[in-house]
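Dear colleague,

Please find below the structure that I am handing over to you. My notes on what was found in it follow.

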Amino acid sequence: MKKFNIFCISIISVLLLNINAKEVFIEPGPNEHERLQEAMILLQEGDILTIKSGYYSFEDGLSLDVSKVTVRGEGMDKTILDFKNQKSGAQGLLVTSNQVILENFSIMDAKGDALKVIGSKGISMLNLKTEWTGGPKSTNGAYGFYPVESEDVLIDGCVAIGASDAGIYVGQSKNIIVRNSVAQYNVAGIEIENSYYADVYDNLASHNTAGILVFDLPDLPQQGGHHIRVFDNQAIDNDTDNFAPEGNIVGEVPRGTGIIVMANSDVEIFNNVMSGNGTVNLSIVSYSDETDDKNYYPHPKKIQVHNNTYGPSGFDPDLETGDLAKALYEISAGDMPDIFWDGVVPLSQMILGQPKEERLVLNEEDTTSFLTISPIKYMLGFSSPIRTDIKEFEGKITPLESISIKTF
Amino acid sequence: MKKIFSYFFIFLYCSNLHSVNDNLILAESFPERLSEFEFFLDDSAQLPNDKVIPYELISTLFSDYSYKQRWVYVPSNKKAKYVENWVFDFPTGSALIKTFYYPVDERAPELGKQLLETRLLLRKESGWEAVSYAWNEEQNEAYKKIAGKTINTEWTDFMGEEKTVRYRVPNVNQCKECHDADDKISPIGPKARNINKEFDFKDGEFNQLVYWMNREIIDDYPMDLISPVDWTDETKDINDRVRSYLDVNCGHCHSPTGNANSTGLYLHLNETRDINLGIFKKPVATGRGSGGYKYSIVPGKPEESILLYRMESMDPGVMMPESGRALTHKEAVEMVRDWIYGL
């Protein structure tokens, strides 16, 4: 069936192809920035721009604003776009058009974000690499892959290394697939923020501060992040000290976190391997800062967690960064769980209980350790306000629908 | 009589023989050379065609201390429509022309100037399009630069100090980044409120709106217009000066319809909510642009305010605006510093 789909897509693609479409080639050499930028501006719908293999060094950022085009290199280790001498432009490459395919090249050492995509309807990033080559440093750019306010976003077979915020970051977007990708030595490996309808699967997130983040933040045009599936990923050995510049929300994430869900609803986390995360494998928390945003819901709800594999965690909690690890360490008396839920719900629900359909569901092996705080007991000053029996949270899993994105 | 006749002849010559090339404004592609549009009777002297009317804005965008001359062209028998709180709705065939230059020495205008580029916004059938022409070394022609251009140059400032700059002519995409409103290119400057000031035209000093009405290039403007203040006017309220500066320098992107709307930081003149203006607003996707600070604006603490940090920075990964600036606008930074201090 999958093959048949691909066959159909190919046929449709051929039928829709502009008969005047042309292929343009750029080679390294004198004026390479001007030649490449001019070619990107002069592309027309249906065109393919090939950046031949080689090393390109740019002083200025690049941008693409033509829809229905392909920009490709000849391999992520063959076509290298190097921005370490960058003097202008807030990112390496900026894309602002629709139905764009980017594939087979690398963006190195951008001064700001490596690849930013704003407001695109249809953006495929295939077999690309973004890297800061000097190792984890707070002076590295914030994001490797950074689609924002976009729809039908595909990130497939990509590699993101060294971002001082998130290697792969999808913000305020809809219909998203992130798969077969590798995120290493970033603060956050993969982050889905203020977004709707995302599938994140078959990725490796390792040696970051935290592996995979599903976040929702206040005071933004799109909030209420929901319907996110995180499955078949490996969030392992996330052991890099947090090197985010202060002021950024990920700067508060403790080193050694596998997966974190914050303030989203309808999140399903299953079939992942979480292991080697020195603070905690899985953390489910509320947004804890004050906000006056009336439209913002700061608590996670309808979170389903099942069939994951948990390896060692909690053996090296990061008590220096943020409050989370420290609080968890104190409450658990050093016996750090695999899964932590902060237990924070609206006041009315603390008293009356959560609606059944909004409750956290945990269907995991009995050997999985768990800890949550009972806010009522905590507030009334009980000596042991915690709950650790994962069985109390067993329930029926209602699988979320898989995400399909428009192909082009 | 003879004299009058010859004046009349010159007038005819100017206004008719040298009319603007309307077809080129509407054409599908941009011509190679600026002179082909015939906006100017003398291009290198920047002497405009009679129908190409000079204008100024009350507060202007900082562009590395370059000077700017602006002109508007509206085709005969057409008028731009007044739109509340927005730029005039110019008819098809209109052009907005802006030349950037440095005087050789700010203390001695007679030493001349170096023309850098002339940017055009052309109102085609399908909407506005943007392009820039960079002046050649001989300063007698400007050539289309689709991919932009770097001009390493220098000038002497009012203090007699030699200034150098890596000036960037923007590429077509960068034009759009700032001139983007709801995914369409739009002019930024010529809102009625922004041109509501006196200007010394060749036929006398007039309010620009009055003059535009008399020249029949606009249909209307309101009598009770609330205009921004000139941010350089120190007799005005500092809050008004800062808001005016932020509006014209940041508000085109940092507004709900602009390119930076995903940040939630809105600096256009109509924004009234403290959090969206940056007061105790946390950064969202700022990365090292935060400089290690927690909020865009911390009242009373300019040294902890991200907004000021990014205005001062000359690092491309940190600085704001993202493009169009390579130097720090010291005077504006001082003003914004004072403003945050007093909040």
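**A buried histidine and other backbone features**

A:His227 is buried, with a relative accessible area of 13% (buried means under 20% relative accessible area, exposed over 50% and partly exposed in between, with a 1.4 Å probe and protein chains only). This residue is found in strand E23 (residues 226-231) of chain A, and it has a positive phi of about 55° although it is not a glycine. Helices (H or I, at least four residues) and strands (E, at least two) are DSSP runs, numbered from the N terminus.

Please note that this is a predicted model, in which local features need pLDDT of at least 70 and side-chain atom pairs count only at pLDDT 80 or more, while totals for chains, interfaces and linings use all residues. Residues are numbered from 1 along each chain as its sequence is written, chains are lettered from A and ligands numbered from 1 in the order in which they are written, and side-chain values use heavy atoms, with hydrogens and water left out.

B:Glu216 also has a positive phi, of about 60°, and is not a glycine. B:Glu216 is exposed, with a relative accessible area of 51%, and lies in the loop between helix H4 (208-214) and helix H5 (238-249) of chain B. A cis peptide bond, with omega about -5°, joins B:Met320 and B:Pro321; B:Pro321 lies in the loop between H7 and helix H8 (330-342) of chain B.

**Chain A against chain B**

In this interface, 43 residues of chain A are in contact with 34 residues of chain B (contact means heavy atoms within 4.5 Å). The area buried between the two chains is about 3,000 Å², and carbon and sulfur atoms give 49% of it. Buried area is the accessible area (1.4 Å probe) that two parts lose on being put together, summed over both. A:Ile41, A:Asp219 and A:Glu246 supply 16% of the area that chain A buries against chain B, more than any other three residues.

Between chain A and chain B there are 7 salt bridges (a side-chain nitrogen of Lys or Arg within 4 Å of a carboxyl oxygen of Asp or Glu). B:Lys294 forms a salt bridge with A:Glu246, with the closest N and O atoms 3.6 Å apart.

Where is B:Ser290 placed? B:Ser290 is in the loop between helix H6 (274-277) and helix H7 (306-312) of chain B, and is buried, with a relative accessible area of 0%. Not counting residues up to four places away in sequence, B:Ser290 touches several residues, including A:Pro245, A:Glu246 and B:Tyr309. The side chain of B:Ser290 also makes a polar contact with the side chain of A:Asn248 (3.4 Å). A polar contact is a pair of N or O atoms within 3.5 Å; within protein, one must be able to donate a hydrogen and the other to accept it, and residues adjacent in sequence count only if both atoms are side-chain atoms.

**The two domains of chain B**

Chain B is divided into domain 1 (23-214) and domain 2 (238-342), with bounds that come from an automatic or database domain assignment. Their centres, taken over C-alpha atoms, are separated by 26 Å. Contact between them involves 22 residues of domain 1 and 21 residues of domain 2. Together they bury about 1,800 Å², 50% of it on carbon and sulfur atoms.

Yours sincerely
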